[in-house]
Amino acid sequence: MNAASAELPPSARLSWRRLAPVALATFGFLIAACSSSSSSSSSTTAPGSPTTQPADPYAAADLKAPAGALTGAGSTFDQPFFTKAFYAFNQVDSGVAVNYASIGSGGGIAQFQANTVNFGASDVPMSALDISKATAGQVLQVPVALGGVTLSYNLPGVSTGLKLSAAVLANIYLGTVKTWNDASIKSLNPGVTLPSQPINVVYRSDGSGTTYIFTDYLANVSPAWKSGPGTGKSISWPAGVGEKGNEGVAGFIKQTPYTIGYVELAYAMQNTFTTADIQNAAGQFVAPSLAGVAADASQKPNVTPVDFSIVNEPGATSYPISGYSWALVYQLQKTTTTGTSLVKVLDWLTHAGQQQAQTLDYVPLPQNIQDLARQTLLQVTGPDGKTVLLTTS
Amino acid sequence: MVPDGAYRVGLATVAAVFALLLLAFVTSLVVQARPAFAHFGFGFLTGTKWDPVHGHLGALTFVVGTLETTMIAMVIAVPIGLGTALALAYALPRRLQAPLSMGVELLAAVPSVVYGLWGLLVVAPAVRTVLEPALAKLTGGHEPFGGIQEGIGLLLAGLILSIMVLPTLVAISRDVLIAVPHEQVEGAYALGATRWQVLRRVVVPHARAGLLGATTLATGRALGETIAVTMVIGNTVSFAHSLFAPTATMASVIANEFTEATEPFHLSALVAVAVILLGVAILVNVTARLLVRSVGGRQRVGLGVA
């Protein structure tokens, strides 16, 4: 090798001294690219619009963007709503661009605890244990979105309006009701011919807020579920198979006859799935709808981050499988400008921004929850710990 | 200027960066997995319960699931892969070789999520309505061919995995087979060997170490494959008593639960599963290396006397 290269003119020699830095730089770039592309990130800065940092075209995509740009991370459930709402807010107030990374609630909480984002978003409020690990002081939790969970099914011969009660649903997921023509299902659906086929049960295999709300409901209505599998984002399922994401569950239901599974409300509405009517606490069978979830939520005016469950509320029109999603902010903001932008955007999100929610099949927050959000945001202060940052007109 | 020195320094730097990265990666995994290992002890390896809500976490189901899916995949893929490689290298006419080779290599470029979607939406219904009933009928429905036929499960995961590892297997095997010295092959023909005898007694023995290497690489891919398997395996934390039954693998549980793991020890336990997966992969690799060495040691090429 050495002899061979010595015969070549100097320019043709492969100089590792010259190549090594290039190789290293390429390698470093690859690593950077991998770490940033692993989370789907959405910027609200409209292309070409005269926003905050024209000098740096990459600022909007940067998690450590300069003042004026806010960063958030967390729930995938919130992502479609946030993307649309923050874009709309940027149209109203071009001084604030929000960059939200939908990395999952768990990731959102971790980023928020480490104080690497301005706000986090989680489908379930942070627990006392989670809060104890927060590194930048007192944590405030603000309800930002309301959603529901539907039971979708594929039952040849029953194209619409299957009725299920809480007890039967729990027994199906416990694996004790095994066939579609079980007496308990028959008695709820008089006049419907139910096939003598085993029930294929499907659940979300990925940890999700949808699973949390659904298992919260099952635990609320069934003592056997409460003492057994319990409530969580990932649980130990007694029966059925798991599929990843709403799309996985939906795909499996579509492909497999005699199957039932739970799918998030907005996803089911947008894809016009066949969904079951669920018997609510008042004994009525209610089809899943935005109005049904809103009616359920309005029954519980005093929601707190500790007492946040709104499943199976009373009321004749309440759809019983519902829940809130939460934004996480620190009470003490390190800088006045960022803090002011943050409370401004979150206050807008929980009030005027709720119109954006409806167009995406999220349920607009009830008035009292909007008020709760504002009260919570009014506790956010500047670096002195006294100045309230939110100005309400 | 000392080109040789610069060359050496450059190479050493690149190698050192790689080694350091690997070290940092493994160290951070182990550090994050420590709380789970410390809390659950050896029971984490032998436990079969996975219940994050109540804090009972054991990884055995996933270890078994990973080994089972990989084994099914390799049982299907190795004969097909080696056969295809032999055909591409020696049996097919030259004008078919190039397009077929390209087709195989194109398969390697398909993202695994596409294989998963295809498996869930197209193959799963076919497996449910055709393959599973046929297998059950053929065997009288005895285990491991009994139980509910849902399409998704161990069998489908193995099938999809086998298709995913085929490109690796075929491409490397073909190159290894082509590299067998021409003199050997032609010498064998000259001695009057048939084509089958040449392949069996000269080409394959000569390429044995390389073929084992190709199989090892393919096995590594099958062990770690994540998204496609997650979409078709059924994600049930229970041992599959039948090929039709759903189960879970180490990679699938990590992919499923990583983003929302907020319960105590849950995240750490998932990282611990990753450490075990790394351990299994290393074990497979080392075993394969030992095999290659022993095969290479007593490699005998020739027509034999018999």
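Contact here means heavy atoms within 4.5 Å. This is a predicted model: local features need pLDDT of at least 70, side-chain atom pairs count only at pLDDT 80 or more, and totals for chains, interfaces and linings use all residues. Residues are numbered from 1 along each chain as its sequence is written, chains are lettered from A and ligands numbered from 1 in the order in which they are written, and side-chain values use heavy atoms, with hydrogens and water left out.

**View 1. Chain B, overall.** Among contacts in chain B between residues at least 6 apart in sequence, 75% join residues at least 24 apart. Chain B has 11 helices and two strands. Helices (H or I, at least four residues) and strands (E, at least two) are DSSP runs, numbered from the N terminus. Along the sequence the pattern reads α-α-β-β-α-α-α-α-α-α-α-α-α. The C-alpha atoms of chain B fill a box of roughly 70 × 70 × 35 Å along the principal axes.

View 2. Of the 306 residues of chain B, 42% count as buried. Buried means under 20% relative accessible area, exposed over 50%, and partly exposed in between (1.4 Å probe, protein chains only). Chain B exposes about 15,100 Å², and carbon and sulfur atoms supply 71% of that area. Accessible areas come from the Shrake-Rupley method with a 1.4 Å probe; for residues, only the protein chains shown count as cover. The chain carries 17 positive and 14 negative side chains. Lys and Arg count as positive and Asp and Glu as negative, while His and the chain ends are not counted. The centres of the two sets lie 15 Å apart, with each charge placed at NZ of Lys, CZ of Arg, CG of Asp or CD of Glu.

**View 3. Chain A, overall.** Chain A holds 15 helices and 12 strands. Of its 393 residues, 53% count as buried. Residues 24 or more positions apart account for 71% of the chain A contacts with a separation of 6 or more.

**View 4. Strand 7 of chain A and its two partners.** Five of the five residues of strand 7 (residues 200–204) are buried, so the strand is largely enclosed by the rest of the structure. A:Asn200, A:Val202 and A:Arg204 point one way, and A:Val201 and A:Tyr203 the other way. Strand 7 pairs in the parallel sense with strand 9 (residues 259–264) over three bridges. Two strands pair if DSSP finds at least two bridges between them. A:Val201 has A:Ile260 as its bridge partner in strand 9. Strand 7 also pairs in the parallel sense with strand 8 (residues 241–243), over three bridges. There, A:Val241 is the bridge partner of A:Val202.

**View 5. Helix 6 of chain A.** Seven of the nine residues of helix 6 (residues 166–174) are buried, so the helix is largely enclosed by the rest of the structure. The buried residues are A:Ala166, A:Val168, A:Leu169, A:Ala170, A:Ile172, A:Tyr173 and A:Leu174. Just after the helix, A:Gly175 takes a positive phi of about 85 degrees.

**View 6. A:Ser322 in strand 12 of chain A.** A:Ser322 is found in strand 12 (residues 322–330). The residue is buried, with a relative accessible area of 2%. Its side chain makes a polar contact with the side chain of A:Asp296 (3.5 Å). A polar contact is a pair of N or O atoms within 3.5 Å; within protein, one must be able to donate a hydrogen and the other to accept it, and residues adjacent in sequence count only if both atoms are side-chain atoms. Not counting residues up to four places away in sequence, A:Ser322 touches A:Gly147, A:Gly148, A:Ile213, A:Val293, A:Asp296, A:Ile310 and A:Val311.
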